[in-house]
Amino acid sequence: MPKAELILLVVSVLLLLSVLATKLGGRLGVPGLLLFLAIGMLAGSDGPGGIWFDNYALAQFVGTVALVFILYSGGLFTRWGTVRPILGPGLSLASLGVLITMLATGAFAYWVLELRWLEALLLGAIVSSTDASAVFSVLRERAVRLRKPLRPLLEFESGTNDPMAVFLTAGLTLLLTQPGISGWQILPLFVQQMLLGLLLGYGLGRASVWLLRYLRLSFDGLYAVLSITLMLLVFSLTAVLGGSGFLAAYVAGVVVGNSDFPRKTALLSFHEGNSWLMEIGMFLTLGLLVFPSQLPSVAPSAILLALFLMLVARPVAVWLSLPTPRFTRNEKAFIAWVGLRGAIPIVLATFPLLAGVEAAQKIFNVTFFVVLFSVLVQGTTLPLAARWLRVRADEEPSASP
C-alpha cells in the first residue's frame, strides 16, 4: 500500500477510535482526553500499534496550532456579561495563582526529584496551568451544573493562564541554556508580551469583526476559511511583534464571540467542531510521543509530585490568589480540585527537550505521568466533589463541607 494512503488510513482509524472513546468516557465518567492519550500510547512504539514517533519539534508544532484553535474557540463561547463580574479574581488566579503553583511545585520537585533549582522551577512552570476543557466535558457528560460565579471563573482561568505558563516555561528554559542572562532581564519581556497580547488581541479582534460583518464573499464556505485565516493572523502577528499570541487569540475570540455579524451561528458551530478535532489530534500526537516503558522509573516521585500539586500547591495558590470573602470555603475548595492538568503541560515539556536542557527527558516523563495521574484522579471525581462540596446550581451555598 502506498505510504500516503497508509498514513491516512492510520489517522482515520485513530480519529474514529477517539470519537467513539468520547461516548465510552461519558458512560464511565472518565475524561475523553485520558482515552485519547491511551489510544495514542497503544498505537505508539511501546504499544501493539508499533508506530515509532519521537519528533518533538513536530509534536510541539501540532500542540501550538491546536492550542490556538482551542483558545480562540474558548473565547468565542465566553460571554462577556458573565465574565465581567469575575474579571479581577480570574486575572489573579490566572497570573498570581500560576506563579505560586510554580514556586511551590518547583520547591517540592527540587527536594523529591533531585533536580537543580532552575530545572525544578522549570518543571513547576510546565505543570502550573490547568485544563478546564476536560473539566467541563466531564461535568456536561454527568449533567452537573455549577453555580454562576464558578463556571465563568473557571472558563476564564482556562483561557488566560496558559500564556503565563508558556512565558514562565520559555523564560526558565532561556535561563538554563544561556546562563549569562538574569531573571530580571526577562521581566520586561513578560510585561511586553502580556500588554501586546491584550492590545493586539482586542484591536485585531475588532478588525476581524469588521471584516466578517462587511466583507461579501462569493461562496458561504469561504467565510469559514476567512475566520481561520483571521485567527491564525492574530496569533502569528502578535507573536512576531513580541506579544503573547496565545493571549491575543483568546482575547480576539472573546471580542468576535460577543459581536454580531452574518453567519455567526454557522461559524461558531464550525469552530466548535475544529476545536474537538484539534484537541483529539493534540492528545493522540502526545500519546504517540511518550514511551510508556520509561514511565515506571519516575512513577514513585511523579506520584508524590502529583499529590503535592493537587493537595498542597494548587489549594495554596487558590487561597492566596482569591483572598476576598466573595467565594465560600467550599467554592475555593472546588476551584482547587478543578486544577486538572491536560495536554498543555506535555506540550510545554517539549520546550526544554528541543533546547537541549540536561534534565529535559526526565522532566518530560515526570510531566506526562503527572498529567495522567491528575486526569485519572481529579477528572473522575469532579462530579463527586461538586456534590460533596455543594457547589451545584441546584444547591444552596454552604460555608463548609
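Val83 lies in helix 4 (residues 80-83), where helices are DSSP runs of H or I with at least four residues, numbered from the N terminus. The model is a predicted one, in which local features need pLDDT of at least 70 and side-chain atom pairs count only at pLDDT 80 or more, while totals for chains, interfaces and linings use all residues. Residues are numbered from 1 along each chain as its sequence is written, and side-chain values use heavy atoms, with hydrogens and water left out.

With 2% relative accessibility, Val83 counts as buried (under 20% relative accessible area, with a 1.4 Å probe and protein chains only). Leaving aside residues up to four places away in sequence, Val83 touches Thr78 and Phe156, contact being heavy atoms within 4.5 Å. Between Val83 and Ala248 there are 165 residues in sequence and 17 Å in space, C-alpha to C-alpha.

Helix 11 (residues 245-257) has 13 residues and reaches 18 Å from its first C-alpha to its last. Because 13 of the 13 residues of helix 11 are buried, this helix is largely enclosed by the rest of the structure.

Helix 2 and helix 12 pack at an angle of about 40°, with their axes 7 Å apart, the axes being lines fitted to C-alpha atoms over the stretch in contact and the angles running from 0 to 180 degrees between N-to-C directions. The residues that meet are listed here.

| Helix | Residues in the contact |
|---|---|
| Helix 2 (residues 32-43) | Leu33, Phe36, Leu37, Ile39, Gly40, Met41, Ala43 |
| Helix 12 (residues 264-289) | Ile280, Phe283, Leu284, Leu286, Gly287, Leu288 |

Conventions. Helix = DSSP H or I, 4+ residues; strand = E, 2+ residues; numbered from the N terminus. Expected span 1.5 Å × (residues − 1). Buried < 20%, exposed > 50% of the residue type's maximum accessible area, 1.4 Å probe, protein only.
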